[in-house]
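Good morning, and thank you for joining.

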Amino acid sequence: MDKKGWLALLLILCCFLAGALHIQIDPEKIQRLKSPAQIDSLIAQTTYDFRISPDQIAIRTVTVDSVFSRKIYTIRVPPGFSKTTFHHHLHYRLYPLNAETYGTVQFPERDLNLQIVYNRTVHRTLFIVTDSELTTPHQIIPRLPD
């Protein structure tokens, strides 16, 4: 076979492999946030997984403008509670919806402030603060959701 024949054979083989890969690989399904209530639901699920009592959660709504308002959560946790692990679990749940979580730690209290951002807008704010009056016998760290 001459050079043109080999090139044609390689081209056909490459086209066949590209077609097979295109058929075999499923595209990643992109989910969209349908409403801010989805964020509230995921926050509630995460607090439930970490066994945070509803008594430890205070929610208030702040009006940003005539169209938009934002919920602010204040979550009281006992000393030794892993705020970073909570942040990781919440981020893991929100990531498929293209929502991002940004956290800052206030020192010396080591309180965690989380901002949940979707479409370059802060939709929820969580203040996770240590309350020395709360006690927990043994902290259970839940598995990441499937």
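**Salt bridges, sheet and core**

Asp49 and Arg93 are both buried, where buried means under 20% relative accessible area, exposed over 50%, and partly exposed in between, with a 1.4 Å probe and protein chains only. This is a predicted model, in which local features need pLDDT of at least 70, side-chain atom pairs count only at pLDDT 80 or more, and totals for chains, interfaces and linings use all residues. Residues are numbered from 1 along each chain as its sequence is written, and side-chain values use heavy atoms, with hydrogens and water left out.

Asp49 and Arg93 form a salt bridge, their closest N and O atoms lying 2.6 Å apart. The term denotes a side-chain nitrogen of Lys or Arg within 4 Å of a carboxyl oxygen of Asp or Glu. Asp49 belongs to helix H2 and Arg93 to helix H3, 44 residues apart. Helices (H or I, at least four residues) and strands (E, at least two) are DSSP runs, numbered from the N terminus.

The structure holds 4 salt bridges. Which residues are linked in a network of salt bridges? They are Asp40, Lys71 and Arg124. Lys71 meets Asp40 at 3.3 Å, N to O; Lys71 lies in strand S2 and Asp40 in helix H2, so this pair ties together parts 31 residues apart in sequence. Lys71 is partly exposed at 28% relative accessibility, whereas Asp40 is buried at 13%. Between Arg124 and Asp40, the closest N and O atoms are 2.7 Å apart.

Let us turn to the sheet. It is open, with 5 strands in the order S1-S2-S5-S4-S3 and mixed pairing; two strands pair if DSSP finds at least two bridges between them. Strands S1 (57–63) and S3 (100–106) are at the edges with a single partner strand each, so one side of each has no neighbour in the sheet. S3 pairs with S4 (residues 111–118) in the antiparallel sense over 7 bridges, and Gly103 has Leu114 in S4 as its bridge partner.

The largest nonpolar core has 21 residues. Such a core is a set of buried Ala, Val, Leu, Ile, Met, Phe, Trp, Tyr and Cys residues joined through side-chain atoms within 4.5 Å. Phe86 and Leu126 are among those with the most contacts inside this core, and S4 gives the most to it, with 4 residues.

Finally, the cysteines. A search of the whole structure finds 0 disulfides, a disulfide being a pair of cysteine sulfur atoms within 2.5 Å. For Cys14, the nearest cysteine sulfur is that of Cys15, 7.0 Å away.
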